Amino acid sequence: MSDTQLTVTLSGGGVDDARAVVRALEGTFGAPDGLPGDERATVRTATFSSPPSPHADPAPSRADAGLSAPVTVTVQGTPQAVEAASRTLTGAFPTRDEGAASGDQERERQLVLVP
């Protein structure tokens, strides 16, 4: 069984947009297991192994976390991690909630972040 608390899947936008989204989550989860880096990829992923910090740094201001294009983000993990990621991303970017799914021990939420 994996120790991953949160998996983030990103589509749309460029690699810089994906990195901006991942960096917005670092204040809540610490450093990811790796930053998205493939310029040619159409779907990028990042994983965070640490649980969300109860004393998380505030998300970057919306002006500091601009995107060049809409980015669809799916966050999947423990209920606490998905809720923390959703709060962080909605605080950092203009966001449209596209829905959620819940399982016994995992949740998933899809958001569209807009420039």
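Guide: Happy to. Helices (H or I, at least four residues) and strands (E, at least two) are DSSP runs, numbered from the N terminus. Ala18, for instance, lies in helix 1. This is a predicted model, where local features need pLDDT of at least 70 and side-chain atom pairs count only at pLDDT 80 or more, while totals for chains, interfaces and linings use all residues. Residues are numbered from 1 along each chain as its sequence is written, and side-chain values use heavy atoms, with hydrogens and water left out.

Visitor: Good. How many helices and strands are there in the chain?

Guide: The chain has two helices and five strands. Starting at the N terminus, their order is β-α-β-β-α-β-β.

Visitor: Back to Ala18, then. Is Ala18 buried or exposed?

Guide: Ala18 is buried, at a relative accessible area of 2%. Buried means under 20% relative accessible area, exposed over 50%, and partly exposed in between (1.4 Å probe, protein chains only). For the chain as a whole, 33% of the 115 residues count as buried.

Visitor: And what is Ala18 in contact with, leaving aside its neighbours within four places in sequence?

Guide: With those neighbours set aside, Ala18 is in contact with Leu10, Pro36 and Arg44. Contact means heavy atoms within 4.5 Å. Leu35 is 17 residues away from Ala18 in sequence, and their C-alpha atoms are 8.4 Å apart in space.

Visitor: Let's switch to the core. Which residues have the most contacts inside the largest nonpolar core?

Guide: Those are Leu6, Val73 and Leu89, in a core of 25 residues. Two or more residues each come from strand 1 (6-11), helix 1 (15-29), strand 2 (43-48), strand 3 (71-77), helix 2 (79-92) and strand 5 (107-113). Helix 1 gives the largest share of this core, seven residues. By nonpolar core I mean a set of buried Ala, Val, Leu, Ile, Met, Phe, Trp, Tyr and Cys residues joined through side-chain atoms within 4.5 Å.

Visitor: Tell me about Leu6. Where does Leu6 lie?

Guide: Leu6 lies in strand 1, and at 0% relative accessibility it counts as buried. Beyond its neighbours within four places in sequence, Leu6 is in contact with Phe29, Ala46, Thr47, Phe48, Val75, Gln76, Ala81, Val82 and Ala85. Arg107 is 101 residues from Leu6 in sequence, yet the two are 9.7 Å apart in space, C-alpha to C-alpha.

Visitor: What share of the contacts between residues at least 6 apart in sequence joins residues at least 24 apart?

Guide: In this chain, 69% of those contacts do.

Visitor: Now the helix pair. At what angle do helix 1 and helix 2 pack?

Guide: Helix 1 and helix 2 pack at about 125°, and their axes are 9 Å apart. That makes helix 1 oblique to helix 2. Angles under 35 degrees count as roughly parallel, over 145 as roughly antiparallel, 65 to 115 as roughly perpendicular and the rest as oblique. The axes are lines fitted to C-alpha atoms, for helices over the stretch in contact, with angles running from 0 to 180 degrees between N-to-C directions.

Visitor: Which residues meet there?

Guide: From helix 1, Val21, Ala24, Leu25, Thr28 and Phe29 meet Ala81, Ala84, Ala85, Thr88, Leu89 and Ala92 of helix 2. By class, that contact has nine nonpolar, two polar and no charged residues. Here Ala, Val, Leu, Ile, Met, Phe, Trp, Tyr, Cys and Pro count as nonpolar, Asp, Glu, Lys and Arg as charged, and the others, Gly among them, as polar.

Visitor: What about Gly91?

Guide: Gly91 lies in helix 2 and is partly exposed, with a relative accessible area of 38%. Gly91 and Ala24 are 67 residues apart in sequence, and 9.3 Å apart in space from C-alpha to C-alpha.

Visitor: Last one: where does Ser50 lie?

Guide: Ser50 is in the loop between strand 2 and strand 3, and counts as partly exposed at 35% relative accessibility. Apart from neighbours within four places in sequence, Ser50 is in contact with Gln5 and Phe29.
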